[in-house]
Amino acid sequence: MCGITGYIGYREAYPIIINGLKRLEYRGYDSAGVMLYDDGDVHLAKTKGKVSSLEEKVEQEIPNTGFVGVGHTRWATHGVPNDVNSHPHISKSGNLVIVHNGIIENYDSIKQELKSRGYTFHSDTDTEVLVNLIEEMKSQEGVKLGQAVQMALNQVIGAYAIAVFDKTKPNELVVARLGSPIAIGVGKDHEEFFIASDASPFIEFTKDAIYLEDEEMAIVKIGREVRVRKIKDDSLIDPNIQKLQLNLEQIEKGGYDHFMLKEIHEQPRAITDTFRGRLLVNEAIIKLSGLENNMKRFLNAERIIVVACGTSWHAGLVGEYIFEEFARIPVEVEYASEFRYRNPVISDKDIVIAISQSGETADTLAAIKLARSKGAFVFGICNVVGSSIARENDTGAYTHAGPEIGVASTKAFTTQITVLTLMALRLARAKGTMTSEDYRVHLRQLELIPDKVTEVLKTDEHVRNIASIYKDASNCLYLGRGFNFPVALEGALKLKEISYIHAEGYPAAEMKHGPIALIDKDMPVIVIATSKGHYEKVVSNIQEIKSRNGQIIAVVTEGDVTVKEIADHVIEIPETEEALSPLLTTIPLQLLSYYIAVMRGCNVDQPRNLAKSVTVE
Ligand code: M6R
């Protein structure tokens, strides 16, 4: 995915656009660019690399003045990240400028057609094709910019969020959306407008925002209300102006060196926010309106299928263990990318739970559409309010973790598990698959989790010391059993994505079926060995590793004696019910990967080749 910003109004556009790009850099950061319009001239600066490189380039190459402009930070899809392929792209005449997030799938055939009409192309991108297609439409007699954009979009196949500027109409911008998000910040008396992929670039300027829906376009013109239309049939739509809840503090680092560290430390608060109004321990009640209103469907469900990607998929795996243990409902957990293409057997007796932090992951979105087309009921668990996935479901629950900006998911994972746990407990109660005493114990223990996470966070210094010992490792193995097997997978993913150390997660007992061959004195093995989680079996696995000279870092329950004697390092977590332990065991693994990555000099918040959410296939 990419990040788009734009401004039109009475303030200098450049500072707004460049600061906006910094806030959107989590969406992609392999190249960046900006267009500023001033006094009849279009000034363009584009560069490979991060927004900081763009700042230097702007300083050296173009005037940074003017009251209108657009900016872009890119995660490359078509064409390698270089200066030429960076956005904005400009049309043949030099009049039209575009920034684009998404993919135009039929760009090649359009390109050939445009070439036959005399257009030439400088980049390898689909976006340069789109801006020239708009120009071609606009060249027709009487066609205005908005119409030209609409005519062009009706010819393209794919996904887009775009902002288009026309040098001959410098007091307006045209924006449109299909599959990729775009928000319009509306200034006082319509004297200024902000365009952005999410609202973070403009929250200090306005709290009024319009989120375009799929297949909508808008013309924003100074001094006039925003006009929103359906791209297909040109019908006018009443723009829905929402009041933003977001504040500046939530999207800043708040004194931490990285967003990831801030987000790791925010987990006690984030989990508490996930509980708010839902977990009523004294009354022994769990309230999740999306579940409550559809209880019959859940109670009659023959099966739950979880669809998700990456960390959200790992949360789904924890959910599988929890749902089956508490509510005795069979659960299958599917990679959304596989599910969508393998003609899965689904019926109206199935409930699909789609999990996504961003709510924009293309594969998860497609999996939801497929499941619904086959009659399944879809329950979404998302963090980003109003995101595409949140809108595409039958019902759902937000995690309320607050903005997660670090590319490596942390608080999203624990809050997703929190929602899944609440759901499973509520269903267990409704189905009578858990005794009322057991139910109450779990509710009480769940309520204590945020304080226990705070306790685990106090291991920070100790984990940092362990990180300093293993920071140069080339490989790492993560082992866990039962509820903590998915935590082993998640620990390994965290390490590989931010430190570039090869890591694998395995169910502890599977080790002897292959991975044990890798173990030698240079192999750190991180083992989750909580006291209630098949403890003796895991202890045997630890012994097998030690007898092959592997290095053991064990996450154990407070007061552990046995593992302490065998392992090279132990990290203690407070005691809790085993089903709730992933909410605690995950924390030291997040810290470990964070500190190892920092010590290796890696860019923790923006790891190479990644983007916060994957809105393309
Ligand atoms: O926004 P989503 O939860 O749908 O994103 C899914 C994955 O792309 C995401 O979890 C990814 O694996 C993270 N980088 C993991 O830290």
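Before I start: I count two strands as paired if DSSP finds at least two bridges between them. Helices (H or I, at least four residues) and strands (E, at least two) are DSSP runs, numbered from the N terminus.

**Entry 1: ground rules**

I am working on a predicted model, where local features need pLDDT of at least 70, side-chain atom pairs count only at pLDDT 80 or more, and totals for chains, interfaces and linings use all residues. Residues are numbered from 1 along each chain as its sequence is written, and side-chain values use heavy atoms, with hydrogens and water left out.

**Entry 2: domains**

I looked up the domain assignment, whose bounds come from an automatic or database source. It gives domain 1 (3-249), domain 2 (253-456) and domain 3 (458-604). I also noted that the C-alpha centres of domain 1 and domain 3 lie 45 Å apart.

**Entry 3: helix α2 and its cover**

Which residues of helix α2 (residues 51-61) are buried? I call a residue buried under 20% relative accessible area, exposed over 50% and partly exposed in between (1.4 Å probe, protein chains only). My list for α2 is Val51, Leu54, Lys57 and Val58. They span an arc of only 110 degrees around the axis, so they sit on the same side of α2. That arc is taken from the directions from the helix axis to the C-beta atoms. A reminder to myself: an α-helix has 3.6 residues a turn, so residues three or four places apart point the same way. On the face of α2 turned away from the buried side I find the exposed residues Glu56, Glu59 and Gln60.

In strand β3 I stopped at His43. His43 is buried, at a relative accessible area of 18%. Leaving out residues up to four places away in sequence, I see His43 touching Val34, Met35, Leu36, Asp38, Ile62 and Pro63.

**Entry 4: the antiparallel sheet**

I traced an open sheet of seven strands in the order β5-β6-β7-β8-β12-β13-β14, with antiparallel pairing. Its edge strands are β5 (89-90) and β14 (236-237), each pairing on one side only.

Then I followed the two hairpins. Four bridges join the antiparallel strands β12 and β13, and Met217 stands opposite Arg229 in β13. Five residues lie between β12 and β13, and Gly223 in the turn has a positive phi of about 85 degrees. Strands β13 and β14 also pair antiparallel, over two bridges; here Arg229 stands opposite Leu236 in β14. This hairpin has five residues between its strands, with Asp234 at a positive phi near 70 degrees.

**Entry 5: the parallel sheet**

Which order do the strands take in the open sheet of five? I read β19-β18-β20-β21-β22, with parallel pairing. The edges are β19 (331-335) and β22 (395-398), each with a single partner strand, so one side of each has no neighbour in the sheet. On average, neighbouring strands here are turned by 20 degrees against each other, direction ignored.

Strand β20 (residues 350-356) pairs with β21 (residues 377-382) in the parallel sense over six bridges, and Ser356 stands opposite Cys382 in β21. Helix α10 (residues 310-327) lies across β18 (303-308), β19 and β20, at about 175 degrees to β19. Helix α12 (residues 362-373) lies across β18, β20 and β21, at about 165 degrees to β20.

**Entry 6: cysteines**

How many disulfides (cysteine sulfur atoms within 2.5 Å) are there? I found zero in the whole structure. Cys382 is in none, and the nearest cysteine sulfur, that of Cys309, is 12 Å away. Cys382 counts as buried at 2% relative accessibility.

For Cys602, the closest cysteine sulfur is in Cys476 at 13 Å, too far for a bond. Cys602 also counts as buried, at 15% relative accessibility.

How values were computed. Axes fitted to C-alpha atoms, helices over the stretch in contact; angles between N-to-C directions. Contact = heavy atoms within 4.5 Å. Disulfide = S-S within 2.5 Å.
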